[in-house]
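Here is a short report on one protein model. Look at the sequence and structure first, then read on.

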Amino acid sequence: MLTGSLRPAPGTTPARALTIAGSDSGGGAGVQADLRTFQSCGVHGMSALTAVTVQNSVGVSGFHEIPVDTVVGQIEAVVTDIGVDAAKTGMLASAEIIRAVDDTCRRLGVGRGGRVPLVVDPVAASMHGDPLLRDNALDALRELFARATLVTPNLDEVRLLTGIVARDRAGLVDAAKAVHALGPEWVLIKAGHLVDDPDCVDVLRGVDADGEPRLVELPGPRFATPHTHGGGDTLASAITSALARGADVVDAVRFGKRYVVRAVRESYPLGSGIGPVSGFWRLGDAPV
Ligand SMILES: Nc1ncnc2c1ncn2[C@@H]1O[C@H](COP(=O)(O)OP(=O)(O)OP(=O)(O)O)[C@@H](O)[C@H]1O
Ligand SMILES: Cc1ncc(COP(=O)(O)O)c(N)n1
């Protein structure tokens, strides 16, 4: 289902995915990366904007939150009319927005217990180290995990949310167990920050159909590039796209990993700081 052409048949309604996230003015991460990824995975992308960041390749100099009612209104507007096959969250900015998103998802059947899978990427800071979440919002973020089909923390987010400092692959497995205990159905711990490991082996943990704990390693090469801005958003959006197209969580995560490996391999310099992973790699060469 997820190999070969991902282009929807002309005239048919494609699978639909919603991102609830912030804008990156530099275009490398946030809703810009999410919508780009949905498109190249053959999925119609929709967005509920939570915040506008002032951002370029060297950092985030500030952000402005969207009023809670407007965040909720965007989600309701698209879910009740257009419909959604899978959703993801990225930058949620504040405890008030997180709690409103959690409540809205519950009401609309998005996330655990509902019809629509929900991927929660617990964005707390940019890769430059600039905050994207208010200091008092960690409890609300932990609570949102219980609504998630899948959460996708990086190692800094694992440390913030659980106190666990993972230094090697065994540490990733411990981290997966600790984050799983916070209540999501599945956890994907991303290995990008384990810079001393020659490979990038992400770890997925969940419970299979028989109720048995399941651990899946997602192997991948590590490319020697500083330009990985938006890698986490791109991975989570590719996974969300696969879920929207009907894949189960393990297959969707395998697809997302294959997708992000290509995106990192073709990442490019931009500005004077950190460039983005590529959204171009699936473009064909046919003349227009
Ligand atoms: N240098 C690299 N080479 C190959 N894969 C990488 C590299 N860095 C990260 N990845 C992969 O990219 C994905 C994102 O991982 P990472 O740990 O960087 O998440 P993140 O910190 O949330 O991303 P970002 O902050 O860059 O948006 C993971 O699948 C990870 O294994
Ligand atoms: C709006 C927004 N959302 C998410 C990120 C995280 O991406 P990264 O960790 O690559 O900076 C970001 N920088 N900006």
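## The annotated domain

An unreviewed UniProt entry annotates residues 24-277 as "domain: Pyridoxamine kinase/Phosphomethylpyrimidine kinase". The model shown here is predicted. In it, the end C-alpha atoms of residues 24-277 are 14 Å apart.

## Around ligand 2

Ligand 2 is surrounded by 18 residues. Gly22, Ala29, Gly30, Ser126 and Met127 are the closest. Strand 1 (16-24) gives the largest share of the shell, four residues. Strand 2 (44-56) and helix 7 (231-244) each supply at least two.

What classes of residue make up the shell around ligand 2? Six are nonpolar, 10 are polar and two are charged.

## An enclosed helix

Helix 1 covers residues 30-40. It is largely enclosed by the rest of the structure, because 10 of its 11 residues are buried. Among them are Gly30, Val31, Leu35, Arg36 and Phe38. The cover over these buried residues includes strand 1, strand 2, strand 4 (86-89) and helix 7. Glycine 42 follows helix 1, and its phi is positive, near 75°.

## The nonpolar core

In soluble globular proteins, nonpolar side chains tend to be buried together. The largest nonpolar core here has 79 residues. Ala17, Ala87, Ile189 and Ile239 touch the most other members. Helix 8 (residues 249-265) contributes the largest share of this core, nine residues.

Which residues does alanine 17 contact, leaving aside neighbours within four places in sequence? They include Phe38, Val43, Val84, Ala87, Thr240 and Ala244.

Notes. Residues are numbered from 1 along each chain as its sequence is written. Chains are lettered from A and ligands numbered from 1 in the order in which they are written. This is a predicted model: local features need pLDDT of at least 70, side-chain atom pairs count only at pLDDT 80 or more; totals for chains, interfaces and linings use all residues. A residue is near a molecule or strand if its C-beta atom, placed from the backbone, lies within 6 Å of it. Ala, Val, Leu, Ile, Met, Phe, Trp, Tyr, Cys and Pro count as nonpolar, Asp, Glu, Lys and Arg as charged, and the others, Gly among them, as polar. UniProt positions are given in the numbering used here, feature names are shortened, and annotations may be inferred rather than shown by experiment. A nonpolar core is a set of buried Ala, Val, Leu, Ile, Met, Phe, Trp, Tyr and Cys residues joined through C-beta atoms within 7 Å. A residue is buried if 20 or more other C-beta atoms lie within 10 Å of its own, exposed if 12 or fewer, and partly exposed in between; C-beta atoms are placed from the backbone. Two residues are in contact if their C-beta atoms, placed from the backbone, lie within 7 Å.
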